[in-house]
Amino acid sequence: TISQIILRHAKFVMTNSLALANEVRFVCGVAHVETIYPVLDRRYVNLPVQNRSGRQYFTMITVARLDPRKGHHRVLHALCLLRDDPAVAPLRYYIVGDGPLRTEIEEEVGRLGLQDIVTLFGSVDDEQLADLYSSSDLFVMPTVSDDIDREGFGTVYIEAAAHGLPSISTDMSGVNEAVLHGQTGLLVQDHDASDLVASLRRLMLDHEFRASLGGQAREHANSKFTSEACYPRLNDLL
């Protein structure tokens, strides 16, 4: 194809994940492929450490386009199974972003009786987003596997990590480079609702483990995804 010809004649091809690099290398036959991870915006680097203990609610947040691939509906159905668990603190779920699925999500929230738990914020400015991250305990975006429209990496996981939030997502190539299972968050199996519920419940109940993941997530974001960490290698390539 034309794209393969262009890629093969490039001085080098740069990708945003090792998973994509491997695909370009083996599917397109490109020899020189380099991975440079997305860089955090300066406003996310070395943010103050948040004290998240002693809160009345356990708050989860998803920041994403409202699209079927992002897995919002998976979280909603998990909440239905967790909201009446006597061991779990009262729940809150913040959905930030807009998109074609908004009306469907609003209707599903009503149908499932989650109006007292779920808040759809739509698009927000940087200051409000920072406040929402700070008031949350967990970032969750269990993406749906799709052979055509895939989550290539997920910079938003790193932005959440910079705020000290561990993440729960789906175990798939690319995403598992942004969320390190057992280190910066938990990865669940695609289409396994029980795995998602169990992982959510574990982090809801185990404050020490959750705090440890959040601290490692923050360190991971600040050490691997800054301009100081990524740009020198890019300069060498250019």
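Residues carry numbers from 1 along each chain as its sequence is written, and side-chain values rest on heavy atoms, with hydrogens and water left out. Because the model is predicted, local features need pLDDT of at least 70 and side-chain atom pairs count only at pLDDT 80 or more, while totals for chains, interfaces and linings use all residues.

**View 1. Tyr 37, Phe 153 and Phe 225 are linked into a cluster by ring pairs.**
The whole structure holds 5 aromatic pairs (rings of Phe, Tyr and Trp, the latter by its six-membered ring, with centres within 6.5 Å; planes under 30 degrees apart are stacked, over 60 edge-to-face, the rest tilted). Tyr 37 and Phe 225 make a tilted pair, at 5.4 Å between centres and 55° between planes. These two sit 188 residues apart: Tyr 37 in the loop between strands S2 (33-35) and S3 (58-63), and Phe 225 in the loop between helices H9 (207-224) and H10 (227-237). Helices (H or I, at least four residues) and strands (E, at least two) are DSSP runs, numbered from the N terminus. Phe 225 is buried, because its relative accessibility is 1%, whereas Tyr 37, at 22%, is partly exposed (buried is under 20% relative accessible area, exposed over 50%, partly exposed in between; 1.4 Å probe, protein chains only). Phe 153 also forms a tilted pair with Phe 225, at 5.9 Å and 45°. Phe 153 belongs to the loop between strand S6 (138-141) and helix H6 (155-162), 72 residues from Phe 225, and is buried at 2%.

**View 2. Thr 226 lies in the loop between H9 and H10.**
With 5% relative accessibility, Thr 226 counts as buried. Setting aside neighbours within four places in sequence, Thr 226 has contacts with Val 39, Val 45 and Ala 221 (contact: heavy atoms within 4.5 Å).

**View 3. Helices H8 (193-205) and H9 cross at roughly 100°.**
Their axes come within 5 Å; axes are lines fitted to C-alpha atoms, for helices over the stretch in contact, and angles run from 0 to 180 degrees between N-to-C directions. H8 and H9 are therefore roughly perpendicular (65 to 115 degrees; under 35 is roughly parallel, over 145 roughly antiparallel, the rest oblique). Arg 202, Leu 203, Met 204 and Leu 205 of H8 meet His 207, Phe 209, Arg 210 and Leu 213 of H9. This contact involves 5 nonpolar, 1 polar and 2 charged residues (nonpolar: Ala, Val, Leu, Ile, Met, Phe, Trp, Tyr, Cys and Pro; charged: Asp, Glu, Lys and Arg; polar: the others, Gly among them).

**View 4. The largest nonpolar core has 32 residues.**
Such a core is a set of buried Ala, Val, Leu, Ile, Met, Phe, Trp, Tyr and Cys residues joined through side-chain atoms within 4.5 Å. Those with the most contacts inside this one include Met 60, Leu 79, Tyr 93 and Val 118. Its largest share, 6 residues, is supplied by H3 (72-82). Val 118, leaving aside neighbours within four places in sequence, touches Leu 76, Leu 79, Tyr 93, Ile 95 and Val 109. Another core, of 30 residues, lies apart from it; Val 63, Leu 132, Ile 158 and Ala 160 are among its members.

**View 5. H3 and H4 (102-111) pack at an angle of about 10°.**
Their axes are 11 Å apart, and the angle makes H3 roughly parallel to H4. His 72, His 73, Leu 76 and His 77 of H3 contact Ile 105, Glu 108 and Val 109 of H4. The residues here divide into 3 nonpolar, 3 polar and 1 charged.
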